[in-house]
Amino acid sequence: MFGDVELSNLIDMAGVYRMANGWQVVIRAEWVDPTPQQPHGIDYALILQDGSGDRLFGYDNSHAFDGANEDDCWDHEHRAGRTGQRFRYGFVSASKLINDFFDKLGTHCAAHGVSSEFIVDDDHA
């Protein structure tokens, strides 16, 4: 797993990306030892937050941050307007995860009439 270029690219993307509309994208990703719950060998979260830092939606495979039970699905989605609920996500690859997230971000921004543009800064040129 540690040689997987797609997973390495996701880890390289980790950071906070500010958006022109005042929202931000938070990407957390780090290598972990593969387990039955995290067989890909990566712990990840891709989160869209509003201007107050509240999650609008996201994808992750971590239970440390969202209070899930050990037997809940690990690869899951947090959907907009469904606070506290987790929906199974069929992880196929890191590139599909990234595409799914940014496709949903574009749709969500369009539905709310806000820009989906990112602010370019020294950390994210």
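Trainee: Over how many bridges do β3 and β4 pair?

Mentor: This is a predicted model, in which local features need pLDDT of at least 70 and side-chain atom pairs count only at pLDDT 80 or more, while totals for chains, interfaces and linings use all residues. Residues are numbered from 1 along each chain as its sequence is written, and side-chain values use heavy atoms, with hydrogens and water left out. Strands (DSSP runs of E, at least two residues) and helices (runs of H or I, at least four) are numbered from the N terminus, and two strands count as paired if DSSP finds at least two bridges between them. For β3 and β4 the pairing is antiparallel, and the number of bridges is five.

Trainee: In what order do the six strands form the open sheet?

Mentor: The chain has two helices and six strands, running α-β-β-β-β-β-β-α from the N terminus. At the edges of the sheet stand β1 (15-18) and β6 (87-88), each of which pairs on one side only. The pairing is antiparallel, and the order is β1-β2-β3-β4-β5-β6.

Trainee: Which residue in the hairpin of β1 and β2 takes a positive phi?

Mentor: Four bridges join the antiparallel strands β1 and β2, and valine 16 has valine 26 as its bridge partner in β2. Five residues lie between the strands of this hairpin. The residue with a positive phi, near 95°, is glycine 22.

Trainee: Which residue in β3 does alanine 29 stand opposite?

Mentor: The antiparallel pairing of β2 and β3 extends over eight bridges. Within it, the β3 residue opposite alanine 29 is tyrosine 44.

Trainee: At about what angle to β4 does α2 run?

Mentor: Axes are lines fitted to C-alpha atoms, for helices over the stretch in contact, and angles run from 0 to 180 degrees between N-to-C directions. Helix α1 lies across β2 and β3 and runs at about 130° to β2. Helix α2 lies across β2, β3, β4 and β5, and its angle to β4 is about 165°.

Trainee: How many salt bridges does the structure hold?

Mentor: A salt bridge is a side-chain nitrogen of Lys or Arg within 4 Å of a carboxyl oxygen of Asp or Glu. Such pairs include aspartate 43 with arginine 28 and glutamate 77 with lysine 104. Lysine 96 and aspartate 100 also meet in this way, at 3.0 Å from N to O. The number of salt bridges is three.

Trainee: How far apart are the closest N and O atoms of aspartate 43 and arginine 28?

Mentor: Aspartate 43 is buried at 11% relative accessible area, whereas arginine 28 is partly exposed at 24%. Their closest N and O atoms are apart by 3.7 Å.

Trainee: Leaving aside its neighbours within four places in sequence, with which residues is aspartate 100 in contact?

Mentor: Aspartate 100 is buried, at 19% relative accessibility. Lysine 96 and aspartate 100 are four residues apart in helix α2, so about one helical turn separates them. Contact means heavy atoms within 4.5 Å. Beyond its neighbours within four places in sequence, aspartate 100 is in contact with Tyr59 and Tyr89.

Methods
Buried < 20%, exposed > 50% of the residue type's maximum accessible area, 1.4 Å probe, protein only.
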